[in-house]
Amino acid sequence: MSFIDNNNIRLSMKSLDYLWEKQRIASENIANNDTPGYKAKILKFEDELDKKLDIFRIAKMPNRKKIQKAIEESNMRVETSKAESTRMDGNNVNTDVEQIELARAQLQYQFQIAQINDQFARLRTVLGKR
């Protein structure tokens, strides 16, 4: 087993991809706030990943390969918001919500990067390299 190629790193990488895309989607929604008829987009990922990993929460000895497969098979998908528009032009973007989601995704992204850095710092310590 490689120190770098483990499920913690895989999950962190998948999370970073999701958070990057979430920032892009929120920015796109904000940019289209004045576009008549534009429907906000929503990025779905967390629920699918949670369902795939849920079976391992009750297992006493989860299989590393199966967890790896669950992580790799969890995919993001972009959906169009079905929220009704309160505006006359049919646009349903709520900029307050989008800005909060953008800020949340940015903070989560920074946290995820810090987690990865901490993992590598621990590995360097174990290997005796500072």
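Does Tyr-109 count as buried, partly exposed or exposed, and at what relative accessibility? Tyr-109 counts as partly exposed, at 22% relative accessibility; buried means under 20% relative accessible area, exposed over 50%, and partly exposed in between, with a 1.4 Å probe and protein chains only. The model is predicted, so that local features need pLDDT of at least 70 and side-chain atom pairs pLDDT 80 or more, while totals for chains, interfaces and linings use all residues. Residues are numbered from 1 along each chain as its sequence is written, and side-chain values use heavy atoms, without hydrogens and water.

The protein contains 4 helices and 2 strands, in the order α-β-α-α-β-α from the N terminus. Helices (H or I, at least four residues) and strands (E, at least two) are DSSP runs, numbered from the N terminus. The radius of gyration, taken over C-alpha atoms, is 19 Å, well over the 14 Å that the globule rule gives for 130 residues, so the protein is more spread out than a compact globule. That rule is 2.2 Å times the number of residues to the power 0.38. Along the principal axes, the C-alpha atoms fill a box of roughly 60 × 35 × 20 Å. Of the 130 residues, 31% are buried.

The whole structure holds 2 aromatic pairs. In one of them, the ring centres of Trp-20 and Tyr-109 are 5.8 Å apart and the planes stand at 50°, so the pair is tilted. Rings of Phe, Tyr and Trp (its six-membered ring) pair if their centres lie within 6.5 Å; planes under 30 degrees apart count as stacked, over 60 as edge-to-face and the rest as tilted. Trp-20 belongs to helix H1 (residues 7-31) and Tyr-109 to helix H4 (residues 95-126), so the pair ties together parts 89 residues apart in sequence. Trp-20 is exposed, at a relative accessible area of 55%.
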